Amino acid sequence: MTDEIVIRPATPDEIPALLALWARAAKGASITDDEAGVAALLARDPHCLIVAAPAGDPGRPVGTVIAGWDGWRCHLYRLAVDPDHRRRGIGAALLAAAEERFTALGGRRADAMVLDDNALGHRTWQAAGYHPEPQWSRWVKPLPES
């Protein structure tokens, strides 16, 4: 079914559409879910935010994943598929593209940020071969704005 979908890097001009997609499709929000945060992400690594869009309307994102590589670890964030486009293999295609990116960069293991109460997300990640590591917890501290 993904033959009708184009997988490509996001562009800065579609940041508002990406934020709208995340508001519709992703569970939870992050402190960086704003135009400045996404613009900074794309400025630092223009290929890390991967988008799925219909082949007939390639400028309209219907899915995303952030495939961040810091030279040490491969991190996945914001796997989101528009509710009207789910169950078509889009999430799997996005993860495959992210994993291909990581392999090409020399990555050896990918980790994903998944909310504890996101049951749909848990099923999606498990189906893709990911599993939780109970010995790890995420510790965070918001930084002051500059």
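Student: Quick one: is arginine 78 buried or exposed?

Tutor: Arginine 78 counts as buried, because its relative accessibility is 16% (buried is under 20%, exposed over 50%, partly exposed in between, 1.4 Å probe, protein chains only). Keep in mind this is a predicted model, where local features need pLDDT of at least 70, side-chain atom pairs need 80 or more, and totals for chains, interfaces and linings use all residues. Residues are numbered from 1 along each chain, and side-chain values use heavy atoms, without hydrogens and water.

Student: Ok, and where is arginine 78?

Tutor: You'll find arginine 78 in strand E4, residues 74-81 (DSSP runs: strands at least two residues, helices H or I at least four, numbered from the N terminus).

Student: What does arginine 78 touch, leaving aside neighbours within four places in sequence?

Tutor: Its contacts include Trp22, Ala26, Asp33, Thr64 and Ile66 (heavy atoms within 4.5 Å).

Student: Which ring does its charged end sit over?

Tutor: The ring of tryptophan 22, with 5.4 Å to the ring centre (the cut-offs: CZ of Arg or NZ of Lys within 6 Å of the centre and within 35 degrees of the ring normal).

Student: What else is going on around Trp22?

Tutor: Trp22 belongs to H1, where Ile15, Pro16, Leu19 and Trp22 meet Glu35, Val38, Ala39 and Leu42 of H2.

Student: New topic: how many aromatic pairs are there?

Tutor: One (Phe, Tyr or six-membered Trp rings, centres within 6.5 Å; planes under 30 degrees apart are stacked, over 60 edge-to-face, the rest tilted). Tryptophan 125 and tyrosine 130 make an edge-to-face pair, 5.0 Å centre to centre with 80 degrees between the planes.

Student: Why does tryptophan 125 count as buried?

Tutor: Because its relative accessibility is 8%. Tyrosine 130 counts as buried too, at 16%.
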